[in-house]
Amino acid sequence: MQKLFRKSIELSRALFPVNIEERNGRRCIHYSYLFNKTKLILVAENKQSTHSINRYNLREFDIGQKHICSECRLFLKAKSKFDNLNWRKLTVVNVRINLQGKICNSRPCASCKNLLQFVSPRSVYFTDDHGDFVKYLFD
């Protein structure tokens with residue numbers, strides 16, 4: 001797992017926009033990665049808003065919406081690119097970087113928890129306030 005974590009942090013730092021204008025008013029940038037073992041399949045980032053438009057019903061997803069968080073965007077990208085993706089074999093890794101470039105808490109929000117329980121990936125990891133990775137435990 002350490003290899004996935006290291007790769008996720010390196011990618012997040014490389015993707016993080018240096019120019020303030022490129023941040024589009026976001027207070028932090030949240031990246032979600034989808035791995036099959038150690039192979040990176042997809043990357044998604046939040047766009048201008050912090051939470052998903054979807055709270056409880058997955059049928060309400062609209063791929064054209066701008067205000068979708070990174071986990072939901074990852075799901076939509078995966079759904080549109082792959083017909084039969086077996087989520088039970090995949091690992092989701094979330095990283096959040098604030099405006100100072102510091103790794104911070106990327107724990108899934110309520111709507112992301114619903115989505116993650118629906119797709120049931122093998123495991124989900126997120127960064128905490130200390131920059132360490134924590135395994136998400138489903139309720």
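A crossing of two helices is called left-handed if the near helix is turned anticlockwise from the far one by less than a right angle. Keep that in mind for the first stop, and remember throughout that this is a predicted model.

**Stop 1: the helix pair.** Select H2 and H3 and look at how they cross: the crossing is left-handed. The two helices pack at an angle of about 35°, and their axes are 9 Å apart. Now show side chains at the contact. From H2 you want Glu71, Cys72 and Phe75, which meet Cys112, Leu115 and Val119 of H3. By type, the residues of this contact split into five nonpolar, no polar and one charged.

**Stop 2: the largest nonpolar core.** In soluble globular proteins, nonpolar side chains tend to be buried together. Here, the largest nonpolar core has 20 residues, and Leu34, Leu74, Phe75, Trp87 and Val92 are the ones touching the most other members. To see where the core comes from, colour strand S2 (39-45), helix H2 (70-81), strand S3 (90-98), helix H3 (110-119) and strand S5 (123-127), each of which supplies at least two of its residues. Which of them gives the most to this core? That's H2, with five residues.

Zoom in on Leu74 next. Setting aside neighbours within four places in sequence, Leu74 is in contact with Ser32, Tyr33, Leu34, Leu42, Val43, Ala44 and Val92. Apart from this core there's another one, of 14 residues; to find it, pick Ile9, Phe16, Phe35 and Val93, which are among its members.

Stop 3: Select Cys28 and Cys104. Are they buried or exposed? Cys28 counts as buried, at 9% relative accessibility, and so does Cys104, at 15%.

**Stop 4: Lys7.** Finish on helix H1 (residues 2-15), where you'll find Lys7. With a relative accessible area of 27%, Lys7 is partly exposed. Leaving out neighbours within four places in sequence, its contacts are Phe35 and Thr38. Draw a distance between the C-alpha atoms of Lys7 and Thr38: they are separated by 9.4 Å, though the two residues are 31 apart along the chain.

Technical notes. Residues numbered from 1 in each chain as written. Predicted model: local features only at pLDDT ≥ 70, side-chain atom pairs only at ≥ 80, totals over all residues. Heavy atoms only, no water. Core = buried A, V, L, I, M, F, W, Y, C linked by side-chain atoms within 4.5 Å. Buried < 20%, exposed > 50% of the residue type's maximum accessible area, 1.4 Å probe, protein only. Helix = DSSP H or I, 4+ residues; strand = E, 2+ residues; numbered from the N terminus. Contact = heavy atoms within 4.5 Å. Axes fitted to C-alpha atoms, helices over the stretch in contact; angles between N-to-C directions. Nonpolar A, V, L, I, M, F, W, Y, C, P; charged D, E, K, R; others polar.
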